[in-house]
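Here are my notes on the model, point by point. Please read them with the structure open.

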Amino acid sequence: MKSAFVLFLSLVVVLVLTLAATEPPKALNCEQTKSLMSPCLDYLTKKTSTPSTPCCLGLNKLIVSTPTKEEKCAACKCLKGEASHIPNLDVDRANSLPKVCKINVDYPISKDFDCEK
């Protein structure tokens, strides 16, 4: 019984150390950011009345993958740059996308989001 407990405890320690040693996910680059948001184009250009499930999943992944202000700013700059090349992009729809997808964010989503502060 004692040896089984020691074995179990050893396995738990190895598991904990393995999980602790894994690297945090790397920051998204601009291409990955654009790829995550590309399913939203039909909604953002008013071709559909609601965002698709892949759009909302991509937005959620983008938000989860950008935990720091620097990462949020990099994603924001990337998307703003891309948005300038998309005709008929509805800025109001873009700003309200988290709410429409029922995703809570801890920072403002708008053209006024200031990355310089």
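Where is the place of Asp90? Asp90 sits in the loop between H5 and H6. I return to this residue in point 5. The model is predicted, so please read every point with that in mind.

1. Overall make-up. The protein chain has 6 helices and 0 strands. Read from the N terminus, its elements run α-α-α-α-α-α. The chain holds 117 residues, and 25% of them are buried. Take the contacts between residues at least 6 apart in sequence: 71% of these join residues at least 24 apart.

2. Helix H5. This helix covers residues 69-83.

3. H2 against H5. A pair of packed helices is described by the angle between the axes and the distance between the axes. Helix H2 spans residues 30-37, and it packs on H5 at an angle of about 65°. The two axes are 9 Å apart. Angles of 65 to 115 degrees count as roughly perpendicular, so H2 and H5 are roughly perpendicular to each other. Their crossing is right-handed. On the H2 side, the residues in contact are Cys30, Thr33, Lys34 and Met37. On the H5 side, they are Ala75, Cys78, Leu79 and Glu82. By type, the residues of this contact divide into 5 nonpolar, 1 polar and 2 charged.

4. Leu59. This residue lies in helix H4, which spans residues 53-64. Is Leu59 buried or exposed? Leu59 is buried, because its relative accessible area is 6% and the cut-off for buried is under 20%. Leaving aside residues up to four places away in sequence, Leu59 touches Met37, Leu97, Pro98, Cys101 and Ile103. Met37 is one of the H2 residues that meet H5. Pro98 is 39 residues from Leu59 in sequence. In space, the two are 7.5 Å apart, C-alpha to C-alpha.

5. Asp90. At 14% relative accessibility, Asp90 counts as buried, because the cut-off is under 20%. Which residues does Asp90 touch, not counting residues up to four places away in sequence? The answer is Leu44 and Lys46.

6. Positive phi at Lys46 and Asn88. Most residues other than glycine have a negative phi. Lys46 is not a glycine, yet it has a positive phi of about 65°. Asn88 likewise has a positive phi of about 65° without being a glycine. Lys46 belongs to the loop between helix H3 (41-44) and helix H4 (53-64). Asn88 belongs to the loop between helix H5 (69-83) and helix H6 (91-100). Exposed means over 50% relative accessible area. Lys46 is therefore exposed, at 54%. Asn88 counts as exposed too, at 66% relative accessibility.

Definitions and conventions
Residues are numbered from 1 along each chain as its sequence is written. This is a predicted model: local features need pLDDT of at least 70, side-chain atom pairs count only at pLDDT 80 or more; totals for chains, interfaces and linings use all residues. Side-chain values use heavy atoms; hydrogens and water are left out. Helices (H or I, at least four residues) and strands (E, at least two) are DSSP runs, numbered from the N terminus. Buried means under 20% relative accessible area, exposed over 50%, partly exposed in between (1.4 Å probe, protein chains only). Axes are lines fitted to C-alpha atoms, for helices over the stretch in contact, and angles run from 0 to 180 degrees between N-to-C directions. Angles under 35 degrees count as roughly parallel, over 145 as roughly antiparallel, 65 to 115 as roughly perpendicular and the rest as oblique. A crossing is left-handed if the near helix is turned anticlockwise from the far one by less than a right angle, and right-handed if clockwise. Contact means heavy atoms within 4.5 Å. Ala, Val, Leu, Ile, Met, Phe, Trp, Tyr, Cys and Pro count as nonpolar, Asp, Glu, Lys and Arg as charged, and the others, Gly among them, as polar.
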